[in-house]
Amino acid sequence: MHIDTTNTSKIALVGNPNVGKSVIFGLLTGKYVTVSNYPGTTVEVSRGIYKGLDGGSEVIDTPGANSLIPLSEDEAVARDILLESYNKRIVQVVDAKNLRRGLLITTQIAEMGLPVLLVLNMWDELLDRGMNVDINALQGSLKIPIVKTIATHKVGFRELFHSIPHASVPELRINYGKFIEEGISHVCRILNNATVVNDRALAIMLLSHDESLEKKLQQKLPPDSFQEIARIREDVQKHFSNPLSYVISIKRSQFVDNLIEKVTTSAGNEREARPFTRGVFFFFLVPLFAFFIGYKLVSLLLFTISMKLSIPDLLSMILQLSAGGMMSLCFTLYLYETEFKTRKKISETLGRITMHPIAAFPLLIIILWAVYKWVGEFGSGVCVDFLESKIFGSAETPSDGFNICIYIPFIKKIYTFTHINFAGINYYIGLLAQKIISKDNLIYELFLNEQSGLIQVGLTYAIAIVFPIVGFFFLAFGIMEDSGYLPRLAVMVDKIFKQIGLNGKAVLPMVLGLGCDTMATMTTRILNTKKERIIATLLLALAIPCSAQLGVIASVLGSISGIYFAAYALIICSQLLFVGYLSSKILPGAPSDFLMEIPPFRMPKISNIFIKTFYRVNWFMKEAVPLFVLGTLVLFVATKLGVLSFVERMGKPVIEHFLGLPVEATRGFILGFLRRDYGAVSIFKVLEEQGKGHGIDPKQLLVSLVVITLFIPCIANFFVMIKERGAKNAFLMFAFILPYSILIGGLLKIVLRVF
Amino acid sequence: MIESCHEELLELIWTIEEEHGETEKELLIKKEGSSSAETYLQTLVDNGYILLKNNNVILTKKGQAEARLIIRRHRLAERLLHDVLEVKEESMDSSACEFEHFLSEEVTTSICTLLGHPSTCPHGKSIPPGDCCVKTNKEIQPVVFPLTELQTGKNAKISYIVTKFHGRLDRLSSMGLLPGVKIHLHQKYPTYVIQMGQTQIAIDSTVARDIYVRHG
């Protein structure tokens, strides 16, 4: 896509985080960018074309910014786009119910002298809260076009399109008081129209001590002018005890407050949910769901200890039922007392309960359990099984086909429509191939070998196993993200994350890491300091298993016993905390403040979740499939050349004596570098073969799975680590993780011997 | 004008009254222990500081005001010597006795402010409050406090933000958390969650400590 930038104007979308810029971008350009209910999701600038204007114009979606005097990398990106020198219009997106915060930016754009169109988005949420904004009055004060929209429902877009050409510079001027105004005029004299941007705006930024701007101006101004500016700043600063940037912010805020007083009205009464809906929610859904939480918590607990203790069925039934009853009673009474009486909206109640000091924790466990059921059992169990053995099958033996049937719940019968006699894609490919070449041919083996064929293993694996697991995970993640649950999770884990040198904000990369560590490593950019970004990258590479790997591990360990899965989780979590704690002590730098906006709890839009999942999975498959095929190829070549057995011999002392695993497991660890989950499967297969007849040794399995989880990240993740953190840091992390994971495995083996 | 010996006597009358509710003339003279106690007493009567009634000594309004200031100076001096200068108890008493005679009103106020308007002396007796103490109680002390001391579920207005970290100040102000803004505290644990207009913001306790608010 190439556009001639000289004679077309550009449109830049600007606004606070989480106000819907990306949705509007999508509607203007027809291009999808990830839309999310988590502040700071747009880390990269997206560009597209809006055809509505003559010749078409480029639309730029900027990361959310609260101020055009940047405090973080993404805010700097947004600001830089506004400073670039070409003809542009600004479409500023404002969350209508948070007009004040939006107008704080509008004043800065006005100072820059850029034409603006103000979009008051989420108009429905404003009305829901019983407020109103007098658009005509606001338009009258600012002299710019203003439109109201509900972007997710595509309401108000015709006016938006019509108004874009009429964008104009807001007529406002803030008086910052005698001393600052004098400072501004002094700085303006130095700047002397050296750039395309309005001098006054630059002067205000420079007085606020915007260092990144000074760097940008370095080529345009004579070198001694910066000393001059610093001197002026100091002179002005003498009159104030607070930093100038703060004084300027206060003045700006007072200006906006005055403006807002004139244009907003509060109708007073919030729109209430219908009494029937509320009744159903508080007196039926809450007790029912709380009962389920209590019941499930106890049954999970019983499952974990069932290895060591045998509990009679009746007792466990009584325990579960009473826990359910207790939980139900507590929740209902508490919510009735605090929420029902105060006539809060249901979504507000949900938003509050999910970060309540006590109630949020049982909820969290249930949510984790539900995600596990969804991804681990349904996604990586049922779906993978069906795809792998029925649809793809094996080149050697035909699968026996499957039934299309329907399960009728109440009479407990399965009604079968028809039997599909499908022997598996690989089987048919195999048959076809055998018409041309024999089974012993090298090329046949290259593609259809049982252990390392490119189609039989590489492609099948990517599509039949990884695809469903990742897809199901991203669906679950999308729901957590769009409902607003993730930011609330950030509130809950902040205290713990503080101990490992991060803060609550890091919950997004960490949870996303459970889907794909590679993708998560890229989102560590939202963290504030370099120290945090390094710690997050290290922990992702070390201790966060990706969904594909976790799916395999959960199904393998879960099939053996609950206690081993619990032990696995415990070990990995303790390593996460331990290494995090150590690195927070070792690495220089102070912890950064946790200061995060919590978006309202919303009903997620199903279509958005599906679109988002589609784009994420699509990205993932593009990255993963070639690597899978490449990995399988490497494995194939290595087997044929005997390299593999050489490495096995090299690793033998460590693997066999220190970890107590069969030599063949070495292959699994090597594969782990190509795909983490791949390694887990192949180790499982090795152990299965070794324990033929008398079953797998669970202790060996636990050791090997702990090591493969902690083991070096997959190759894709490693490349992203190099890209994001630099080659030196990435190799240092690599050099730490490799021996450390084996050390922990060895220690675990010794500890397990005692039991 | 009365001299320091008369001031001592007035002080004694106040303390005896504080302990026993009334002051007997005999007890007073015995405690004073000086031979000229009787003459001093007469001078005070002549100057209208005290009344003699049924063998009891009673402070007049004028006497009460004067005694109150002397006591205040004495006990503030004790606090100063004890808390700040860390003088030993014996020498504290004797020095305080000297302080009470030469401290001007202005210096007394400064000491009172310096010590944070204490309400009791090191012996646990109450210090009569001066104008400065009354003012503080009304205007500053309980009115503005860190956000960490606000009760959950209450509304407040930001008074000022005090922090060593420039970046923190900028971050708060870019979010719109500035003096004069009304907030509502939702919860304190595990992290502070406040509502500002229609925005919910989660903040660390370290940041919350720097935000000073008043009820409203």
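**How chain A meets chain B**

Let me begin with the contact, which takes 29 residues from chain A and 28 residues from chain B, where two residues count as in contact if their C-beta atoms, placed from the backbone, lie within 7 Å. On the side of chain A that touches chain B, the elements giving two or more residues are helix 3 (99-112), helix 11 (244-263), helix 19 (485-499) and strand 11 (595-598), and the largest share, five residues, comes from helix 11 of chain A. Helices here are DSSP runs of H or I with at least four residues, and strands are runs of E with at least two, numbered from the N terminus.

Please keep in mind that this is a predicted model, in which local features need pLDDT of at least 70 and side-chain atom pairs count only at pLDDT 80 or more, while totals for chains, interfaces and linings use all residues. Residues are numbered from 1 along each chain as its sequence is written, and chains are lettered from A and ligands numbered from 1 in the order in which they are written.

Strand 11 of chain A also pairs in the antiparallel sense with strand 8 (residues 199-203) of chain B, over four bridges, pairing being called when DSSP finds at least two bridges between two strands. Within strand 8 of chain B, Ile201(B) is the bridge partner of Glu597(A).

Turning to chain B itself, we find nine helices and nine strands, and a C-alpha trace that spans about 75 × 35 × 30 Å along its principal axes.
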